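This report walks through one structure, part by part. Look at the two chains first, then read on.

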Amino acid sequence: MKLLAYFRSFAARFFHRSQTEADMEEELHSHIQLRADDLERSGQNRAEAERRARLEFGGRERFKEEAREAIGGNFIETFLRDVRFSLRLLRKSPGFTTIAILTLAVAIGANAVVFGVVNALVLRPLDVPHPENLYGIEHANEHNMYESYPDYLDLRDRNHSFDDLAGYTMFQVGLDTGDNPSRAWVYETTGNYFDDLRIQPYLGRVFHSSDEHGPNSAPYVVLTYAYWQAHFHQDHGVLGRTVRLNKHPFTIVGVAPPEFRGTLVFGMPDFFVPLVNQEQVEGRNALNARSTSSVFMALGHLKQGVTPEQAAADLNSIGAYLEKTYPTDHGATTFVLARPGLYGNRGGALTAFVTGLMLLAGLILLAACANLGSLFAARAADRSREVALRLALGASRNRILRQLLTEAMLISLAGGALGLWGSIALLRAMSVWHPISRFPINVPASPDANVYIVALALALVSGLLFGIVPVRQVLRADPYQIVKAGPSATVGRRVTLRDMLLVVQVAICGVLITSSLVAVRGLARSFDSNFGFEPRNAMLVETELAMAGYHPDQVPAMQKRMLDSVGAIPGVDSVGMISQTPLYGGGFAAAIFTDRTTDLRPSNAVATAVRFNISPEYLHAAGTVLLAGRNVSSQDDKSAPRVAVVNREFARKIFGSTSNAVGGRFKLRDGTQIQVVGVVEDGKYVYLTEDPEVALFLPILQAPTSQICLVVRSSRDPRQLAEALRTTLRGLDTGLPFLIETWNQQLDLALFPARTATVALGVLGGMGAILAITGIFGMAAYSVSKRLKELGIRIAIGAHPSEVLQAALGRAFKLLALGSVAGLVLGILATRVLASIVYQATPRDPLVLAGAVAAMVLLGLLATWIPARRALSVDPLTLLRED
Amino acid sequence: MSGPAQLLPGTLDLLILKAVSLGPLHGYGVLLRIGQISERALQIEQGALYPALFRLVRQGLLKASWGVSENNRRAKFYELTATGRKRLREETDGWNRLAAAMGSALAAQPEEI
């Protein structure tokens, strides 16, 4: 009832504002007239009577104000008045306003960018219908999602938990649309993939399970919208067109809808082809091999009412069946369900990192708020005379506080809008950025409503945060004291909120500087570290002969011709061949068994080695040092006994020592017995941050592969060399797709996470430093200006400059030291998270510690330099004369 | 202590309700009436009356309408609503109980304990 009345009067006030205002005015006027009538009757003349009546009435504006509040509903009016007043005040101090808005813009912008990335990678579900119950199947003990095709079929047909189970894998193919053959990324998918995900084509049709009739039976291509747009210019006539994929004819049947980017957040394919055509796409048919992983990820929608735990239990019973039925191919097989978008729980490190970034960005914003809070407090202190005057004139404290908050909100909204504008530009740029040109890696970070909402919320919250700082000050203010004594009487000696804010801010800055230094140092070290090969002065040529339609029997001869002709190019010192260069998107794994093992099930393996197939010249060309024994040779071919070169870690782990290893034997999964003929140094094979891994190098003649990389060592200019290589290879086969780059360029991929982390931390660290500097500067400058008179007296009675500085800035220095120590300690604790991303990121590094300390000292000096100069240059005479 | 008594906080509203309960009044009339019924013992700052009047209107205890005063001036007249009448009764009872309790408490003599 009361509430209703309130709302009614609110609405009435809102819509008939001027009328009620006039009403009130008239009523007060009538009161004064009535009073004047009485006074006139008691014998005064009219003018005198009216004057008396007005005097008796008291502060008319104040009562009107109180009356407005009593009526209610004047919120908007008051608010607009506050806004106008605040704008006027802010315009009067443009320096303060600009600095405050810019500070916030940077801080909120940083938060919006980081949140945009988190949103794109972690929060936003895949853009498919009903993403909430879409799950991928992950191996519980191996943390990957690979399945062999027969296993996938068993999982698909025997489970009772999924509506349907689809599978896909990514592969790179040569695509010839008539002119220039180019490389493209495809998803090879099971026939039910689109139906399972409930994706409707944008154009034409998608393929279905009914299209699958055994190997190579479905030569169909479904283009992604983006690829159709970029390479076919949105030509609707593309349907039914035949393209050559690795020289095999495929028919374009449809185009996927624009929002569908595949089922991996950061990896978008160019088009989709059916997995049953694996032989044409990958040059091998492993559809019947239980020991070969053909499926990168199996995924599907859970049935209504089935929980992930129930589904996992269901899958585990299939796992137990597989383990029992095919013991040579399966160890213990258990499953968990995982979100497909980030490739299951492997996304964990990424999630941890972006969460960490979000935290750091939050700290930046907090620092900015602390900064602005103390700025506002200082401003409020300077304005205490004005505030006191307003209080004395009858303004209520509520109104004054509301006005101060309005001021803070205006600044924070302006800063938020500016920051958001910048972050939108940055996110847009990021979402079209392909950090590694040859991989389809891309962060689809274009901002959505979530980002806008978060930015707005951050702006409002930070406005409240720093707007609230001076509140206590105003509430405590006693107008009579302040008007009487002047503001300097309120300078206190005890620890204030402002001091605490400053310490917090310096500490935050310390954390950021320490962690970015740790990251930079780790990155620098990873450039210097021993990879087990020498990337400098080496050029790589990647080719895949299957893409050019070579039959496996023709491959070795062609590869020999390539080696010979490239080796004949002037200026080439040596050229070798390897199946896949190390540190380049993983590697092939091989289970290793001791020679005595007869039961070759995966659980009996002694190690899992990273496997490479190499030509005899590879070790020399790559600069990998042979420690013992001999290299593989051209005599190690199909007719000779199987041999291998292993790395030192392999020798240590399987044979105990390098010398024991040479001549020793081990077995592979298929029972092949292999003799170790040589041992090479350890290197990095999969990740820069990995611990020493077991690696195995097989002679390529005994383990042929059509996908190879030529390592060309030469001190010639890379561009000239690349041109010569291109001419030579085109001379061998005009239809051969290949890719030439320097080894260092290729390593960009391995270094990408560390580089990104370092840049992100560096930017945040820089921002933290700037905020700390302005914060300390503001505090020091303020305290100097407040105590100029005292400093002047000190100088006048002959104080030494160091004593003046001590008096003026001692407190600032103490706070600075306190904050720095706290920041360093916290920073050292925080960098543990970094260790998983940046190679050898450790804070126990004298250089990092010294660097962080030096940075903080420098910061302090920089920030206090100008206030110190001002304190020392005080002229006591002018100052004392002043007031 | 001599001169007009200080108003206790919260008593102004009750006084206004009482004044208006004796017949519709304009703001200035409320002041005069309070002065009259309290025999000039209670003085109210003139302007402070209006926020209180508006508050009571908003609470639905008073209603207001424009009319003409005895000396032909346009003025806003206030009268009690049904809720206002009820509130006045309740508050008067409450006040009487409080006054009686305070009176006997303050009149207590040492020998009565």
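In what order do the three strands of the open sheet in chain B lie, and is the pairing parallel or antiparallel? The order is 1-3-2, and the pairing is antiparallel. Two strands pair if DSSP finds at least two bridges between them. Helices (H or I, at least four residues) and strands (E, at least two) are DSSP runs, numbered from the N terminus.

This is a predicted model: local features need pLDDT of at least 70, side-chain atom pairs count only at pLDDT 80 or more, and totals for chains, interfaces and linings use all residues. Residues are numbered from 1 along each chain as its sequence is written, while chains are lettered from A and ligands numbered from 1 in the order in which they are written.

**The sheet of chain B**

Strand 1 (25-26) and strand 2 (62-68) of chain B are the edge strands, and each pairs on one side only. Strand 2 of chain B runs antiparallel to strand 3 of chain B, with seven bridges joining them. Leu62(B) has Leu80(B) in strand 3 of chain B as its bridge partner. Strands 2 and 3 of chain B form a hairpin, with five residues between them. In the turn, Asn72(B) has a positive phi of about 65 degrees. In a regular strand the side chains alternate between the two faces of the sheet.

**Where the chains touch**

Two residues are in contact if their C-beta atoms, placed from the backbone, lie within 7 Å.

**Helix pairs**

Axes are lines fitted to C-alpha atoms, for helices over the stretch in contact, and angles run from 0 to 180 degrees between N-to-C directions.

| Helix pair | Angle between axes | Axis distance |
|---|---|---|
| Helix 6 (residues 94-123) and helix 14 (residues 397-431) of chain A | about 45 degrees | 7 Å apart |
| Helix 7 (residues 149-158) and helix 11 (residues 308-325) of chain A | roughly 135 degrees | within 10 Å |
| Helix 2 and helix 3 of chain B | roughly 105 degrees | within 11 Å |

Angles under 35 degrees count as roughly parallel, over 145 as roughly antiparallel, 65 to 115 as roughly perpendicular and the rest as oblique. Helix 6 and helix 14 of chain A are therefore oblique to each other. Their crossing is right-handed. A crossing is left-handed if the near helix is turned anticlockwise from the far one by less than a right angle, and right-handed if clockwise. Residues of helix 6 of chain A, including Gly109(A) and Ala112(A), meet residues of helix 14 of chain A, including Gly415(A) and Gly419(A). The contact divides into 14 nonpolar, nine polar and no charged residues.

Helix 7 of chain A passes helix 11 of chain A in a right-handed crossing. Asp151(A), Asp154(A), Leu155(A) and Arg158(A) in helix 7 of chain A meet Leu315(A), Ile318(A) and Leu322(A) in helix 11 of chain A. That contact has four nonpolar, no polar and three charged residues.

In chain B, helix 2 and helix 3 are roughly perpendicular to each other. Gly27(B), Val30(B) and Leu31(B) of helix 2 make the contact with Leu49(B), Tyr50(B) and Leu53(B) of helix 3. Five of these residues are nonpolar, one is polar and none is charged.

**Strands of chain A**

Strand 13 (residues 588-594) of chain A runs antiparallel to strand 14 (residues 607-614) of chain A, joined by five bridges. Ala589(A) stands opposite Val610(A) in strand 14 of chain A. Two bridges join strand 13 of chain A to strand 17 (residues 665-667) of chain A, also antiparallel.

Definitions and conventions. Nonpolar A, V, L, I, M, F, W, Y, C, P; charged D, E, K, R; others polar.
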